[in-house]
Amino acid sequence: MDIQRILLFAVFAFSGLYLWESWQADQRAKLPPPTAQGAASQQTGSVPGIPDVPMTPDGAALPAAVAAAAGSPVADVPATVSTVTTPELPTIKITTDLYIAEIDPVGGVITQMALLKQPDARDKTKPYYVLQKNNERTFVAQAGLTGEGMPNHRTTYEVLSTQRELKDGEQRFDLRLGATAANGERVEQILTFHRDSYVIDVTFKIPGAAASAVAPYAYFQFARDTKEASKRSAMAPAAYTGPVVFNETDKFKKIDFDELGKLAADPSRRPSFTPTNDNGWVAMIEHYFVTAWALPDSNTTQREFYARKIGDGLYSAGMLLPMKTLASDAGLEVTVPMYAGPQDQDVLKALAKDLNRVVDYGMFTVIAAPMFWLLNFFHNLIGNWGWSIIAMTFLIRLVFYPLNAAAARSMGKMRVVAPRLKALQEQYKDDKQQMQMKMMEMYRQEKINPLGGCLPILIQLPFFIALYWVLLSAAELRYAPWFGWITDLSSPDPWYLLPVLYAISAFVQMRLSPMPISDPMQKRMMQMMPIVFSVLFIFFPSGLVLYWLVSNILQIAQQWHMNRMLEREAAAKK
C-alpha cells in the first residue's frame, strides 16, 4: 500500500469515527421529552395504615421490575418528581460564596442550584444551573426515608432555622427542617452548606428512636429529564449524559437512559450494575458538570444502588442505606454528602475514590488521562491553558523527534528524487505495473522509505483524537482564554483565524514534502486535504486547532532544515 493510500485511509478512519460519535449523540438527543407534571396529584408523606406504593408522576403504580422485588426497600422510594408548592410555602433561597440554591419545604428537595462562578453556555452573563425545575428542564435532588408513615420527598417539612446566607467568617451553616412521622416520632432533615465547596451534606436524624420498632432506610436520589443545559456544535459529538454507578465490583458503569427504558418495559431484564455493595457512589453526569451522592471511602455501610425510569422522559438514580444508631442520645442518623458542580478532577478525586472518572474521555481514556495530567502540569507552571497546549505540543514533538526526523529525511529524499520520479511516470505512463517496479527499485537504491512520511501521522493521530476529548471533556478548560480573540479554548475559533492559519501551514508542509502521485484524482484529493481539515476545524475546539497548527509549524521547520541538509549532501556528491 503506497503512502497516499495510507494517508487517505487515516483521514477516512478519523472521519468515520467522528461521524459515528455524532450519530450516537444525535440518537441520545432523540429521547422523548418529559411530559407536563400535575402538581395537584402529588400528596405529602404516608399516613398510618396506607402502604407507601411507588407512583409515577401520573399517579399510576410502577411496573413490577421498577418497584423492585423480594422486599427491597427501593420499592418504598416514591417515584415522583413534582412537589407541592403553595403561596404559603415559598422555596427557601440559600446563598453561599459559590452558588445560590432553592430548597422546597415539601420534601426538602433542592430544585435549583445556580453556580455563580460557572457561566451559562448560552449567556455568559448568567450563572450555570446545575439543578433546576421549570417548564424547560427538570433536574432535582431528592432525599427521604422509606417505611410506612415516614417523611419522604413528598412530605411538607417545618422550617426550623432562619439563616439563609453564609456569613463572612463562617465556614458552614445548617438549614434544619422538621416533620413528624406517623408513629409520632420527630424526624429532622439537615442540609449543611460549606464555604468554598459545592458539597451539601444531607442528614436525617430521629432522636431517641433506637428503642422503637422503626428501622427506616434513607434514600438519596437525582431525578431528571434527558435535556442538556449545555449547548454544543451540531458537528461535534456530545459527551455522555446520564446516570453512572461506581463500586469495586463493577468499577465505573454508565447506565444509558435507553437501558432504563428497556428495564421498565421488560421485567425479566437484569440491570447492568451490581445493586448492593458496601462501597461506591452514584451520580448523574453531563457535559462539564456532575451531581453525585458520594460517601467517604472510609464509610463501609451496606448500600443499595438503583436507577429507573419514572415517567415519560423522566429518570432517577440514587442509593439507599440504613440509618445508624447514635452513640450520644440513642437516636438514629444518616448523612450523605452531595456534590453538584463542575467536573474539577482534583476536587472529585479528593471526595471519593475514582469520582474523577466522571470526566468522560470515551475509548481514548488511556491516552487522554495522561495528556490532561501533562497539560495540567504545564498550566501549574505557566498559568495559561493556551500556552500550556503549545508547551505540551513542543514536548510531544520532542518525544517523537527520532521518528519525525526519519520521516523528514525520507520526505526530503523524495523531494530530491522528484524529477527522476516524474520522468519514470512519463516513461511508463501506459504500464502502471512496470512503473511501480521501477519506482520501488529506485527507492531501494536511494534508501528511501515511501511510507516514512506517513508513519508520524498515523502514530500521532490517536494523540490528536485524545486531545480532542480532553478539550471536549475537561471542565478546567471551559471558558479558558489564550489571548486576544480566543477567550474559550473549548469552543471553536469565533473569527476562524486558527483554521485558516492551519490551512496555510498544511499547504506549506505539502510543498516541502511532495508525494509521487501519478493518478490525477488522488493528486486532487491530497491537494484538497488541507481545505477539508480546515473546514472541519471550524467546528472543533480552538485549543485543538492551536495544537495542530503549532505541530504543523514545528514539522515545517524540521522539514525545511532536513531539505537544506539533503540538498547540501546531494551537491557534495556531484
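I began with helix 8, residues 418-427, where Leu421, Leu424 and Gln425 are buried. Viewed down the helix axis, the buried residues of helix 8 fall within an arc of 100°, so they line one face. I then checked the face turned away from that buried side. There I found the exposed residues Pro419, Lys422 and Gln427. I note that this is a predicted model.

Next entry: the nonpolar cores. The largest one holds 77 residues. I looked up which of them touch the most other members, and got Met113, Phe204, Phe220, Trp281, Trp293 and Met338. Strand 19, residues 332-342, gives this core its largest share, six residues. I also found a second, separate core of 47 residues. Ile390, Phe400, Phe537 and Val545 are among its members.

I went back to Trp293 and listed its contacts, leaving out residues up to four places away in sequence. Trp293 touches Phe220, Phe222, Trp281, Met319 and Met338, among others. The list also includes Gln142 and Gln221.

Last entry: Gln189, which sits in strand 8, residues 186-194. Is Gln189 buried or exposed? Its relative accessible area is 1%, under the 20% cut-off, so I logged Gln189 as buried. Where does the side chain of Gln189 reach? I traced it to the backbone oxygen of Gly107, at 3.4 Å. Gly107 is also on the contact list of Gln189, again without residues up to four places away in sequence. Phe204 I had already noted in the largest nonpolar core.

Notes
Residues are numbered from 1 along each chain as its sequence is written. This is a predicted model: local features need pLDDT of at least 70, side-chain atom pairs count only at pLDDT 80 or more; totals for chains, interfaces and linings use all residues. Side-chain values use heavy atoms; hydrogens and water are left out. Buried means under 20% relative accessible area, exposed over 50%, partly exposed in between (1.4 Å probe, protein chains only). Helices (H or I, at least four residues) and strands (E, at least two) are DSSP runs, numbered from the N terminus. The arc is that of the directions from the helix axis to the C-beta atoms. A nonpolar core is a set of buried Ala, Val, Leu, Ile, Met, Phe, Trp, Tyr and Cys residues joined through side-chain atoms within 4.5 Å. Contact means heavy atoms within 4.5 Å. A polar contact is a pair of N or O atoms within 3.5 Å; within protein, one must be able to donate a hydrogen and the other to accept it, and residues adjacent in sequence count only if both atoms are side-chain atoms.
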